[in-house]
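Please look through the structure below before reading on. This report describes its sheets, helices and aromatic contacts in turn.

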Amino acid sequence: MAKTMELQEIEVWDGNLAACHAMRQAQIDVVAAYPITPSTPIIQNYGTFVGNGYIDGEFMLVESEHAAMSGCVGAAAAGGRVATATSSQGFALMIEVLYQASGMRLPVVLNLVNRALASPLNIHGDHSDMYLGRDAGWVNLCTCNPQEAYDFNLMAFKIAENMNVRIPTIVNQDGFLCSHTAQNVRPLSDEVAYKFIGDYQSKNPLLDFQKPATYGAQAEEDWHFEHKAQLHNALMHSSSVIKEVFVEFADLTGRKYNIVETYDLQDAEVAIFALGTTAESARVAAKKARENGIKAGVVTIRVFRPFPYQELGEILKNLKAIAIMDKSLPAGAMGALFNEVAASLYQVQGTKHPVLSNYIYGLGERDLTQVDLMSIYSELDQNAKASKLTHPTQQFIGLRGPKLSFC
């Protein structure tokens, strides 16, 4: 029997520790991991909790991130609650096995502490790894601060393990800006948190010898398509369960989350669309922009997969100009988030689309300042007044040397 940890009403945790406490409270059966910056403290603290008797489950340190996710797949197929954490190159090494986990419908929870991908080597945060996994068939949740890293980890287990979902789930948080930034966090007690998540309910476990099951079977052209279509259908419809979990969590804690979150959008004419900690920074800039006469707002999403096309399109359709912020190198294309937002607006029929622009920023954690954000709002205001782009569609913000753009 694991020991109970007594927590204060308000704890001062960084994003890594907040995520780790949520994992501890979930009483996971198996964590298989290979630490990598900036997610290392999640695994390090989890090992301490195991060593001090706060967790009954197994903790496996393996030889690589590929092995870590492979261990998670095996443990989940056997019938256990399973989780891990990684970042950047570790996530890239895991990517092959991510498709195995989703294809087998194993509800693994992965903390992805977002960090740049090499080369050149960089240990700091951007969203390159988040975007790398967007087509791997996992639910993708997005957080802005340590409180949300804690909350969304609790909800991730409940979403992934729901019998109408059974899809592995990623909880994203910004490397260092969230993972290593200490803030006030209001945790639940161990008993309340575990009760919210609930006991693990296995489905077709390999260790149930009375009902033999096969995982990872070969399915060529006869059935491969059908398996993938079923996964896609379940992922697209998982939003209904996500909303239910959000409501249940709000009833328990008073902290209400929505798939699409808005700030000062009621009368806004222009808006910045951003993920993670940038959304919070943009809110500060939006307030200042309004003092300067610009009707500015901010939009973010809590769920990157399944992408909320219809809901987002309805929210954005009345704006005049939108800046979509991509914290990742597009490598020969418009930013990934830009393309998703553009697609969401085309789900809304019979409306005049806002003027869209794409800002690439923060690669390798290059600072995005309030001056930068105010400049973006100024450009958006010009676009709104002209009803067209007054600058190139895509621009790199904060880049040293000649300014890059793509029309």
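The model is predicted.

Seven strands form an open sheet in the order 3-2-4-5-7-6-12, and their pairing is mixed. Strand 3 (58-61) and strand 12 (303-305) are the edge strands, each of which pairs on one side only. From one strand to the next, the twist averages 20°.

Inside this order, strand 5 (residues 109-114) pairs with strand 7 (residues 169-174) in the parallel sense, over six bridges. One of the residues involved is N111, whose bridge partner in strand 7 is V171. Helix 6 (residues 146-160) lies across strand 4 (82-86), strand 5, strand 6 (139-142) and strand 7. Helix 6 runs at about 170° to strand 7.

Strand 14 (residues 355-360) and strand 15 (residues 394-396) are paired in the parallel sense over three bridges. In this pairing, I360 has F396 of strand 15 as its bridge partner.

Which residues of helix 7 are buried? They are D190, A193, F196 and I197. Seen down the axis of helix 7, these buried residues fall within an arc of 130°, so they line one face of the helix. The face turned away from the buried side carries the exposed residues E191 and K195.

The buried residues of helix 7 pack against helix 1 (15-25), helix 6 and helix 9. Just after helix 7 comes G198, which takes a positive phi of about 90°.

## Aromatic pairs and charges over rings

A pair of aromatic rings is described by the distance of the centres and the angle of the planes. The count for this model comes to ten aromatic pairs. In one of them, the ring centres of F196 and F249 are 5.4 Å apart and the planes are at 70°; planes over 60 degrees apart count as edge-to-face, so this pair is edge-to-face. F196 lies in helix 7 (residues 190-197) and F249 in helix 9 (residues 239-253), so the pair ties together parts that are 53 residues apart in sequence. Both F196 and F249 are buried. Together with F152, F246 and Y257, F196 and F249 form one aromatic cluster.

Charged side chains also meet rings. The charged end of R24 sits over the ring of F49, 5.6 Å from its centre. R305 lies over the face of F304, at 4.9 Å from the ring centre.

## A buried residue in a loop

Where is I167 placed? I167 is in the loop between helix 6 and strand 7. Its relative accessible area is 0%, and residues under 20% count as buried, so I167 is buried.

Not counting residues up to four places away in sequence, I167 touches R105, L106, P107, G137, W138, V139, A160, L231, A234 and L235. I167 and A75 are 92 residues apart in sequence and 15 Å apart in space, C-alpha to C-alpha.

Methods. Residues are numbered from 1 along each chain as its sequence is written. This is a predicted model: local features need pLDDT of at least 70, side-chain atom pairs count only at pLDDT 80 or more; totals for chains, interfaces and linings use all residues. Side-chain values use heavy atoms; hydrogens and water are left out. Rings of Phe, Tyr and Trp (its six-membered ring) pair if their centres lie within 6.5 Å; planes under 30 degrees apart count as stacked, over 60 as edge-to-face and the rest as tilted. Helices (H or I, at least four residues) and strands (E, at least two) are DSSP runs, numbered from the N terminus. Buried means under 20% relative accessible area, exposed over 50%, partly exposed in between (1.4 Å probe, protein chains only). A charge sits over a ring if NZ of Lys or CZ of Arg is within 6 Å of the ring centre and within 35 degrees of the ring normal. Two strands pair if DSSP finds at least two bridges between them. Axes are lines fitted to C-alpha atoms, for helices over the stretch in contact, and angles run from 0 to 180 degrees between N-to-C directions. Contact means heavy atoms within 4.5 Å. The arc is that of the directions from the helix axis to the C-beta atoms.
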